Amino acid sequence: MSSDATEATAGGTAPGPVDRMAGVAATPGVAKPDPILKAHGVRRSFGGLTAVDVEHLEVQRGTITALIGPNGAGKSTLFNLLTGFDRVDAGEWSFEGRRLNGLGGHRVARSGMVRTFQLTKALTRLTVLDNMLLAAQGQLGERMWGSFLRWRWRGQERANIERAEALLDRFKLLDKRHEMAGSLSGGQRKLLEMARSLMVDPSMVMLDEPMAGVNPALVQSLLGHITALRDDGMTVLFVEHDMDVIMGISDWIVVLAQGQVIAEGRPEDIRADQRVVDAYLGARHAEPADAEEGR
Ligand SMILES: Nc1ncnc2c1ncn2[C@@H]1O[C@H](COP(=O)(O)OP(=O)(O)OP(=O)(O)O)[C@@H](O)[C@H]1O
């Protein structure tokens, strides 16, 4: 990936080199020609509140798909369910044709679907490089096999360090590798979160609000990295609130409201969809409208 290529695609409205959504209707739950992820009847309630109630959802391989919706729509809960960090009440889902029900987050990640996590307080006290190494798959060192296998642990560590440094170089964080992750700027933290997720060589990356708290100067660079993931053959599913970002880089957009998929389609379909406008305006203007009615 050259940085020129990154800049060229960043923030542009042009679709990827191949239109992988050709002929797909903008209908909630529509089947995709080559889905990498399929979810069916996925439900999760908290007490009496139904947070997620997705009848059917497919994510097309090799695309950037945005998951959007008003606050409390169930986006994070759906992310957590699909990646094994929360338990469904009902439903099933598969990744690359393999059923994932019941698998924990670590095993889901090993199967090739990873999600980014915000840097927790504990992780901010580790160096950037240690953050990367912690994210590596199958850390033999953690298994305490004993000193007679240390040579093997060291071999793994060397390979991981090489991979970590290559990724840090790609995300322009190599010169920060021995600094505490907590010293990074908001945008650099987002880059580290993305770089960490790539340590396990995934085929699908799920990004949770990749632009939150990012200085506008770094937004273009982050957008470039996201489009580069797709251009490298990965599938990207991301949750984001910034509409310019969403409309600018998404091949496909899925809209969640009250836990359900109420619309999906290309950016131009979503912009023109009255249900989407209503879902957003309804959520944003509910209070002032009610207040006015009371006068
Ligand atoms: N652990 C939990 N316990 C109880 N309620 C929860 C829990 N997690 C989520 N919820 C509720 O489920 C609903 C969906 O929440 P979720 O965080 O998934 O929405 P979201 O679309 O990600 O919202 P936001 O855009 O504000 O992050 C909300 O009403 C939320 O209060």
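**Ground rules.** Residue numbers start from 1 along each chain as its sequence is written. Since the model is predicted, local features need pLDDT of at least 70 and side-chain atom pairs count only at pLDDT 80 or more, while totals for chains, interfaces and linings use all residues.

**Whole chain.** I looked up the helices and strands and found 11 helices and 10 strands. Both are DSSP runs, numbered from the N terminus: helices are H or I with at least four residues, strands are E with at least two. Of the 295 residues, 38% count as buried. Buried is 20 or more other C-beta atoms within 10 Å of the residue's own, exposed is 12 or fewer, and partly exposed lies in between, with C-beta atoms placed from the backbone. I also checked contacts (C-beta atoms, placed from the backbone, within 7 Å). Among those with a separation of 6 or more, 72% join residues 24 or more positions apart.

Next I went to strand E1 (residues 35–46), which pairs with E2 in the antiparallel sense over 10 bridges. Pairing takes at least two DSSP bridges between two strands. Arg44 stands opposite Val52 in E2. Two residues lie between the strands of this hairpin, and Gly47 takes a positive phi near 60°.

**Open sheet.** Six strands line up as E6-E7-E8-E3-E9-E10, with mixed pairing. Strands E6 (113–115) and E10 (260–265) are the edges, each pairing on one side only. E6 runs parallel to E7 (residues 204–208), joined by three bridges. Met113 stands opposite Met204 in E7.

**Helix H7.** Last, I checked residues 186–197. The 12 residues of H7 should span 16 Å at 1.5 Å a residue, and the end C-alpha atoms are 17 Å apart, which agrees. The expected span is 1.5 Å times one less than the number of residues. Because 10 of its 12 residues are buried, H7 is largely enclosed by the rest of the structure. The buried ones include Leu191, Leu192 and Met194.

Technical notes. Contact = placed C-beta atoms within 7 Å.
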